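Hi there,

Here is the structure I promised to pass on. Have a look at it first, and then read on for my notes.

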Amino acid sequence: MNDEQLTVLQRMIKGKWIGKGFLALLALAIIWWVGGKAIQSPSLFFQQIINGIQLGFVYALIALGYTMVYGIVRLINFAHGDVFMFGAFVSFFAVSLFQLHLWPVQTFPSLPPLIGIVIGTLSVIALSMVSCAILAMTIERIAYKPLRDAPRISALITAIGVSFFLEYFGALPFVFTPNFITYKRPFEIVTWYVKDGIHRLEAGAEAPPGSVIFSNVLIIIILVSILLLVGLNYVVRRTKIGKAMRATAYDKPTSRLMGINVDGVISTTFAIGASLAGAAGVLYATAYPQVVFWMGIIPGLKAFVAAVLGGIGSIPGAFVGALIMGQAEVISAGYISTPMRDAVAFTILILVLLIRPTGIFGEPEREKA
Amino acid sequence: MLLEVKDLNVYYGAIHALQGISFHLNQGEIVTLIGANGAGKSTTLNTISGILRPRRGQVLFKGVDITFTPAEEIVRMGICQSPEGRKIFATLTVMENLEMGAYTQNNKAEIQKNLERVFRSFPRLKERQNQLGGTLSGGEQQMLAIGRALMSRPQVLLLDEPSMGLSPILVEEIFNIIQEINSQGTSILLVEQNAQMALSVAHRGYVLETGKIVLEGKSSDLLNNPMVAKAYLGAH
Ligand SMILES: Nc1ncnc2c1ncn2[C@@H]1O[C@H](COP(=O)(O)OP(=O)(O)OP(=O)(O)O)[C@@H](O)[C@H]1O
Ligand SMILES: [Mg+2]
């Protein structure tokens with residue numbers, strides 16, 4: 001049957017117009033509704049956008065690990081959120097117990113304080129990244145590698161098991177304890193407010209009504225995330241290991257024929273994804289300064305939704321999906337009610353799976369090993 | 001003997017795909033393995049390349065047993081395959097595909113020299129070096145597959161059905177290049193269904209039938225063998 005012979009209804013079904021139309025209507029409704037709120041109170045709206053960007057960048061760092069690992073071994077690594085939690089705790093111990101963030105100032109007292117703090121903070125982040133990379137490589141070696149040729153569901157269930165293991169091992173009294181712990185930032189928080197120019201907000205003072213507030217946490221999150229994203233892009237696009245990662249994701253047997261050490265490439269992919277989650281853990285804890293053993297579950301799930309929304313397996317997709325998720329979450333929390341932010345995240349997941357399972361940037365799945 | 005296969009037995013589960021085959025490849029030779037669909041030609045190459053493991057038998061490279069050597073080590077030792085169906089990395093550029101062929105090589109200057117050699121053999125790849133592998137035509141993909149394998153500087157090049165799906169003119173071109181590569185010192189194990197073409201460039205040949213070698217000899221002898229003519233050369 002060719003196209004002209006189809007009825008309008010048949011054509012609508014064939015082109016998935018109903019789903020697309022529904023999506024378009026939904027988008028219009030949201031724009032109209034959010035736009036109304038924005039006009040009512042522009043400063044509140046901009047405040048939400050800023051909060052959403054902060055959250056979105058953290059989700060992006062986590063989502064990249066999901067999407068890269070999925071791209072190469074077709075596994076949703078549900079333990080990824082707990083690696084993020086581990087990264088936050090590593091930085092907690094590094095700062096509270098070992099004062100790692102102070103080493104530049106202590107070793108070189110003549111260093112300008114700002115530079116000292118920046119280097120100190122970056123050291124803490126780097127330590128978390130390395131620790132998470134080692135953790136993830138260990139998990140991959142012990143739990144996933146033996147299941148490489150098993151049905152995919154086995155590895156998926158194992159990932160859930162690993163996730164529980166990390167959480168409840170962390171909850172042990174002599175590990176991270178089951179309690180909330182106040183997180184000590186590696187730097188002092190500085191806040192500014194924007195109203196007729198940018199002003200420093202003194203500690204304890206109230207910002208005048210109608211102003212937009214932001215802090216150095218936001219700046220650090222954005223700068224560190226962009227730095228890592230640019231770095232990741234460079235590694236994946238330009239380096240030998242990055243090209244091998246793309247080749248392996250595309251076709252493992254042929255990669256082996258070319259002499260690529262596929263197991264090593266997979267291990268490296270886990271390490272890179274986990275190191276980004278580790279950095280996200282530090283940034284998240286500096287933004288919301290509390291750590292607890294289950295803190296990785298919800299951000300992990302939301303980053304997973306972000307990865308699916310962007311198109312699982314796609315690196316730009318994970319980034320765009322995460323920024324959308326960040327905005328969706330703060331807007332629903334700010335304008336509807338706080339618990340709505342989780343509901344919205346999973347509503348997005350369901351909508352994506354119903355209407356466009358391949359996500360924004362996803363291609364239909366190739367049947368490849 | 002550069003490459004020697006002894007009594008190779010390979011199974012896929014219960015399927016006995018290779019039932020004790022033995023053959024060899026001398027330095028500087030082109031040897032062809034011909035046979036119908038499902039005879040076990042690709043299985044043989046993949047076992048040599050180390051991505052399939054035999055249940056019995058041996059693969060020797062310059063007298064060294066490589067039967068259970070990891071695939072990447074086999075490439076590093078000097079055996080590389082251009083697989084059946086070309087298997088280009090469609091999401092990588094032509095250049096990146098070639099770089100993946102050179103994955104085991106560490107000497108930048110050597111890689112560059114080798115790249116120029118590949119571009120001399122396949123000028124079309126040079127023009128298209130920034131194009132995605134998946135956007136090449138079938139013939140160009142075959143050139144890329146061979147070029148990619150050559151990037152590892154192999155002493156033995158394994159070619160699995162390079163003529164598959166190509167027009168007669170392109171087949172001619174590819175086979176000319178295969179001879180040229182051989183004349184520059186690379187020994188070649190050529191798997192083909194196009195027996196006529198394969199035997200016209202090879203020095204020796206083996207005929208594979210359902211996992212067993214049923215005939216072997218000089219190409220000219222095989223070409224004149226009535227059984228080969230009947231089964232593989234389309235004579236009646
Ligand atoms: N992955 C597999 N699982 C099970 N059986 C297989 C597998 N691959 C090949 N076989 C079987 O092994 C035998 C040899 O296959 P092989 O691919 O080596 O043949 P071939 O000579 O290369 O054929 P063709 O000319 O069609 O490429 C065939 O009977 C095939 O069905
Ligand atoms: Mg074959």
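A term to begin with: a residue is called buried under 20% relative accessible area, exposed over 50%, and partly exposed in between. At 41%, B:Arg153 therefore counts as partly exposed. Please keep in mind that this is a predicted model.

B:Arg153 also has a partner: its side chain meets that of B:Glu110 in a salt bridge, 3.0 Å from N to O. B:Arg153 sits in the loop between α6 and β7 of chain B and B:Glu110 in helix α4, so the pair ties together parts that are 43 residues apart in sequence. B:Glu110 is partly exposed too, at 25%.

Salt bridges come up elsewhere as well, and the count over all chains is 16. In general, side chains of opposite charge can pair when their charged atoms come close. B:Glu73 and B:Arg76 form one such bridge, with 3.3 Å between the closest N and O atoms. Those two are three residues apart in helix α2 of chain B, which means that about one helical turn separates them. Their relative accessibilities are 31% for B:Glu73 and 44% for B:Arg76.

In chain A, A:Arg148 and A:Asp263 form a salt bridge at 2.7 Å, N to O.

Now to the metal. Which residues coordinate the magnesium ion (ligand 2)? They are B:Ser42, through OG, and B:Glu84, through OE, at 1.9 Å. B:Ser42 belongs to helix α1 of chain B and B:Glu84 to the loop between β6 and α3, 42 residues apart. Both residues are partly exposed, B:Ser42 at 21% and B:Glu84 at 30%.

As for chain B overall, its secondary structure comes to 10 helices and 10 strands. A compact globule of 236 residues would have a radius of gyration near 18 Å, and the 17 Å of chain B agrees with that. Of its residues, 54% count as buried.

A nonpolar patch of about 640 Å² is made by seven side chains' residues, among them A:Trp103, A:Phe108 and A:Ile119. Helix α6 gives the most to this patch, with five residues. A:Ile119 lies in that helix and is partly exposed at 33%.

Best wishes

Key: Residues are numbered from 1 along each chain as its sequence is written. Chains are lettered from A and ligands numbered from 1 in the order in which they are written. This is a predicted model: local features need pLDDT of at least 70, side-chain atom pairs count only at pLDDT 80 or more; totals for chains, interfaces and linings use all residues. Side-chain values use heavy atoms; hydrogens and water are left out. Patches are made of residues with over 30% relative accessible area and no salt bridge: like charges are joined within 9 Å, nonpolar side chains (Val, Leu, Ile, Met, Phe, Trp, Tyr) within 5 Å. Accessible areas come from the Shrake-Rupley method with a 1.4 Å probe; for residues, only the protein chains shown count as cover. A salt bridge is a side-chain nitrogen of Lys or Arg within 4 Å of a carboxyl oxygen of Asp or Glu. Helices (H or I, at least four residues) and strands (E, at least two) are DSSP runs, numbered from the N terminus. Buried means under 20% relative accessible area, exposed over 50%, partly exposed in between (1.4 Å probe, protein chains only). The radius of gyration is taken over C-alpha atoms; the globule rule is 2.2 Å times the number of residues to the power 0.38. Donors are N, O and S atoms within 2.8 Å of the metal (3.2 Å for Na, K and Ca); water is not among the atoms, so sites may look incomplete.
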